[in-house]
Amino acid sequence: MRPTRVLLAKPGLDGHDRGIKVVAMALRDAGAEVIYLGLRRTPEEIWRAAVDEDADVVGVSVLSGAHVALIEQLLVERTRVGADIPVVLGGTVPADDADVLRAMGVDAVHAVGSSLPDVVDSVLALGARERTA
Amino acid sequence: MSATDTTDAGIPVAPVYTDRDVAPDLSERLGAPGEPPFTRGPYPTMYRGQLWTMRQFAGFGSAEDANARFHFLLERGQSALSVAFDLPTQLGYDSAHPSAVADVGRVGVAIDTVDDMVDLFDGIPLDEISVNFTINATAPIILAMYLVAAERQGAAAASLAGTLQNDILKEFLARKTYIYPPVPSLRLSCDVIAYAAGALPRFNPISITGYHAREAGCDAIQELALAIASAVAYSEALVTRGMAFDSFAPRLSFHFATTMDLFEEVAKLRAARRLWYRIATERFGANDPASGRLRFFSGNSGTTLTAQQPLNNVVRSTIQCLGAVLGGAQSIHVMGYDEAYEIPSEEAVTLSLRTQQIIALESGVARTADPLAGSYYVEALTDQLEARARTLLDELDAAGGAATAIEAGMPQRWIAESAYRLERDLASGDRPRVGVNVFAADGDQAHLGDMFAADPGVAERQAVRTAQRVAARDAQACRSAIEAVSAAARDGGNVMPPLIDAARAGATLGELADVFRSVFGEFREPQPW
């Protein structure tokens, strides 16, 4: 079986990339193939790359507080392109917002304070689910 | 459980220090406070003469929202202001730009035109209150708008005190609010410094920062080396333009983090002063001692604050603020205990200010300059920090200097690797963090007060207001003012004078940033791996 392919990107204008780079390195050490698109990526760019790269999971990180609006744009575009790929969000996300985001269709939310092994396990589990579906 | 035997930066620590750990020429390496090499502080009387400036970073929503928070802080005894701008403003987009909408007013205040800047400082006399601006890629535009806002208040340019961050090099390392490629970006930063050297005698036109690289993951030694290497890069660029080092160096200011390892942080701040003095004299031949007198702003470390058991962050911030004071900071920001969740609430920001006031007025640490001087441990660590930062500075020099090393991604790798190492140490428990990997029993968001709630209508209101202001301006005059900015950008003239005219004529931040986009192009970060 091929390794889990994870596409990581930062939507919106936020430049805090410490967390997403740490997650990228940890996923790679756990055997995943990681494609990191970098900063200021639009929903169109993220889904085009996810489909082209045959990603099993898309992970995005937002630390600017704009997560609800940005995730909404991302999920609308996922529906538009018809991509059936789970989305994981990391960042500065208060618990109430995390509930809202899960109800909107985000598969997992890892707020500041999550442990790195938990984040890795969650992404890999979503990727495995995707590949056996 | 026992204490670790190295500092956070990995310097081995002995169980006890004695006079044998301190090199014999100590008094030469220290000097008196206010005297070269400034190890003991930039001023002879330090806090006995004047307390540090208590400067809580603030801004969100529209100019009126941020203005209300400024008045709230000033009424509670804050002594100066520090403006946070939203990401569209930092990245040169007006609030109505399609890329901007989700981020308008989120991490700071939205500024589109000079009228927003006027509203931001309504009721705040700019010839009396010093103002810090955390702004980089659009720093020349924001400074132009600020100067016009001050002019409308009747405040003389020569009376304006404050600091413009304007350190674009570190934006390519961390924080990442660059717009243009490194070379023209550096030129814009230097245009501001050159302009201020003539027109703004009380204003710091740059705050050269190690803080953001530190928050992105690097250690204290790397932070120190990167800040000093950046100062060298700006200085060399200005000297190459034909400016005398002594004509701008006294107004260079710095920004360092103060994190949890108390003595290492104090040693780093003392070492920073000595190192910069030596570089200023050895490398740039400074004649004016003020050219090598390092002054700095200290921000506490947000990345050391935890989402778990958030009240513990009050204790962490107190230790960090104490470190900044013992290290001789000129101004300090203390983080809100709820910043792992949101912009700090009024309760949290008041507590941050009170933390500073209690340390200043009750603890007694402000009574005498550099109270830790002569401590065997602190002096040994100060020597270590300086020597190890020098070694890294040599590595950066060998790589072609800060700008070239950053373009090649060298310090970015230091930062990413050390951030990853720390996370693994937290996961394994090798690095204890109370409430996270030790003593984690009593819950998560407990004891969090009323949190800040963002206003979802701000983007729309801001767009409407800017459209009205654009409709009301003299279109022809504005067009020719914008054209003059474009000409200066192309011809290599200083962009500040035409930017000030364009701000007066009502040009928007997005229009002016677009002028530079069309002349300089936009930068896209290369893949890190």
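Is B:Pro140 buried or exposed, and how many other C-beta atoms lie within 10 Å? In this predicted model, B:Pro140 is buried, with 26 other C-beta atoms within 10 Å. The residue belongs to helix α6 of chain B. Beyond the residues up to four places away in sequence, B:Pro140 touches B:Leu188, B:Asp191, B:Val192, B:Val495, B:Met496 and B:Leu499.

The domain division of chain B comes next. Chain B is split into domain 1 (19–428) and domain 2 (464–520). Taken over C-alpha atoms, the centres of the two domains are 29 Å apart. Domain 1 of chain B puts 28 residues into the contact, and domain 2 of chain B puts in 18. On the domain 1 side, α5 (114–120), α6 (139–153) and α7 (182–199) of chain B each supply at least two residues. By class, that side of domain 1 has 18 nonpolar, six polar and four charged residues.

The largest nonpolar core holds 205 residues. Within this core, B:Met145, B:Leu224 and B:Ile228 have the most contacts. Helix α9 (residues 220–240) of chain B is the greatest contributor, giving 13 residues. Both domains of chain B take part: the core draws at least three residues from domain 1 (19–428) and at least three from domain 2 (464–520). B:Met145 has its own set of partners. Neighbours within four places in sequence aside, B:Met145 is in contact with B:Ile111, B:Val114, B:Met117 and B:Ala503. In soluble globular proteins, nonpolar side chains tend to be buried together.

Chain B also contains an open sheet of five strands. The strand order is β1-β10-β9-β8-β7, and the pairing is parallel. The edges are formed by β1 (53–54) and β7 (206–209) of chain B. Each edge strand has a single partner strand, so one side of each is left without a neighbour in the sheet. β1(B) runs parallel to strand β10 (residues 331–333) of chain B, and two bridges join them. B:Met54 is placed opposite B:Ile332 in β10(B).

Several backbone features fall in loops. The peptide bond from B:Pro36 to B:Pro37 is cis, with omega near 0°. B:Pro37 sits in the loop between α1 (26–30) and α2 (46–49) of chain B. B:Phe38 is also found in the loop between α1 and α2 of chain B. Phi of B:Phe38 is positive, near 65°, in a residue other than glycine. B:Phe38 counts as buried because it has 27 C-beta neighbours inside 10 Å, where the cut-off is 20 or more. B:Asn166 is not a glycine either, yet its phi is positive, at about 50°. This residue lies in the loop between β5 (162–164) and α7 of chain B. B:Asn166 has 28 C-beta neighbours inside 10 Å and therefore counts as buried.

The buried residues of α16(B) are B:Pro411, B:Gln412, B:Trp414, B:Ile415, B:Ala416, B:Ala419, B:Tyr420 and B:Glu423. An α-helix has 3.6 residues a turn, so residues three or four places apart point the same way. After α16(B) comes B:Gly429, whose phi is positive, near 90°.

Between the chains, 29 residues of chain B are in contact with 26 residues of chain A. On the chain B side, the elements giving two or more residues are α4 (87–90) and α16 (410–428) of chain B. α16(B) gives the most, with five residues. By class, the side of chain B that touches chain A has 16 nonpolar, six polar and seven charged residues.

How values were computed: Residues are numbered from 1 along each chain as its sequence is written. Chains are lettered from A and ligands numbered from 1 in the order in which they are written. This is a predicted model: local features need pLDDT of at least 70, side-chain atom pairs count only at pLDDT 80 or more; totals for chains, interfaces and linings use all residues. Two residues are in contact if their C-beta atoms, placed from the backbone, lie within 7 Å. Helices (H or I, at least four residues) and strands (E, at least two) are DSSP runs, numbered from the N terminus. Ala, Val, Leu, Ile, Met, Phe, Trp, Tyr, Cys and Pro count as nonpolar, Asp, Glu, Lys and Arg as charged, and the others, Gly among them, as polar. Domain bounds come from an automatic or database domain assignment. Two strands pair if DSSP finds at least two bridges between them. A nonpolar core is a set of buried Ala, Val, Leu, Ile, Met, Phe, Trp, Tyr and Cys residues joined through C-beta atoms within 7 Å. A residue is buried if 20 or more other C-beta atoms lie within 10 Å of its own, exposed if 12 or fewer, and partly exposed in between; C-beta atoms are placed from the backbone.
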